[in-house]
Amino acid sequence: MTKVIDCKGMLCPKPLIETKKALKESKVGESIEIILDNDTSCKNVLHFLNDNGVKNTITQEGKLFRVHITVP
């Protein structure tokens with residue numbers, strides 16, 4: 001089951017804080033989907049994930065970004 005973190009309408013640093021919290025609370029191998037509607041927040045979350053070696057994929061649907069990760 002995928003844990004969904006809905007960060008629509010949130011400005012930095014809140015989406016990054018929510019992402020860190022979700023990673024900390026999840027077990028290895030679990031899936032997380034982070035939904036963002038702010039380009040800057042999306043870039044910050046992706047930088048954090050990449051800097052920490054968390055593999056991710058991103059899809060964009062209009063103004064929504066969906067970042068999919070598997071907890072390492």
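View 1. The buried residues of α2 are covered by, among others, α1, β2, β3 (56–61) and β4; here contact means heavy atoms within 4.5 Å. Helices (H or I, at least four residues) and strands (E, at least two) are DSSP runs, numbered from the N terminus. This is a predicted model, in which local features need pLDDT of at least 70 and side-chain atom pairs count only at pLDDT 80 or more, while totals for chains, interfaces and linings use all residues. Residues are numbered from 1 along each chain as its sequence is written, and side-chain values use heavy atoms, with hydrogens and water left out.

View 2. Which residues of α2 are buried? They are Ser41, Cys42, Val45, Leu46, Phe48 and Leu49, where buried means under 20% relative accessible area, exposed over 50% and partly exposed in between (1.4 Å probe, protein chains only).

**View 3. α2 from end to end.** With 13 residues, α2 reaches 18 Å from its first C-alpha to its last, close to the 18 Å expected at 1.5 Å a residue; the expected span is 1.5 Å times one less than the number of residues. At the start of α2, look for Asn38: one of its side-chain oxygens comes to within 2.9 Å of the backbone nitrogen of Thr40. Just after the helix, Gly53 takes a positive phi of about 70°.

**View 4. Inside the largest nonpolar core.** A nonpolar core is a set of buried Ala, Val, Leu, Ile, Met, Phe, Trp, Tyr and Cys residues joined through side-chain atoms within 4.5 Å. The largest one has 18 residues, and those touching the most other members are Leu23, Ile32, Ile34, Leu36, Leu49, Val67 and Ile69. Two or more residues each come from α1 (14–25), β2 (31–36), α2 (39–51) and β4 (64–70). The largest share, five residues, is from α2. Zoom in on Leu23: leaving aside neighbours within four places in sequence, Leu23 is in contact with Ile32, Phe48, Leu49, Ile69 and Val71.

**View 5. Salt bridges along the helices.** The structure holds five salt bridges, each a side-chain nitrogen of Lys or Arg within 4 Å of a carboxyl oxygen of Asp or Glu. In α1, Lys14 and Glu18 lie four residues apart, about one turn of the helix, and their closest N and O atoms are 3.1 Å apart. Lys14 is partly exposed at 39% relative accessible area, whereas Glu18 is buried at 19%. In α2, Lys43 and Asp39 are also four residues apart, with 3.2 Å between the closest N and O atoms of their salt bridge. Lys43 is partly exposed at 46%, and Asp39 is partly exposed at 39%.

View 6. Arg66 pairs with Glu33, the closest N and O atoms being 3.2 Å apart. This one links distant parts of the chain, with Arg66 in β4 and Glu33 in β2, 33 residues apart. Are Arg66 and Glu33 buried or exposed? Both are buried. Glu61 joins the picture too: Glu33, Glu61 and Arg66 are linked in a network of salt bridges.

Terms used: Polar contact = N/O pair within 3.5 Å; in protein donor to acceptor, adjacent residues only side chain to side chain.
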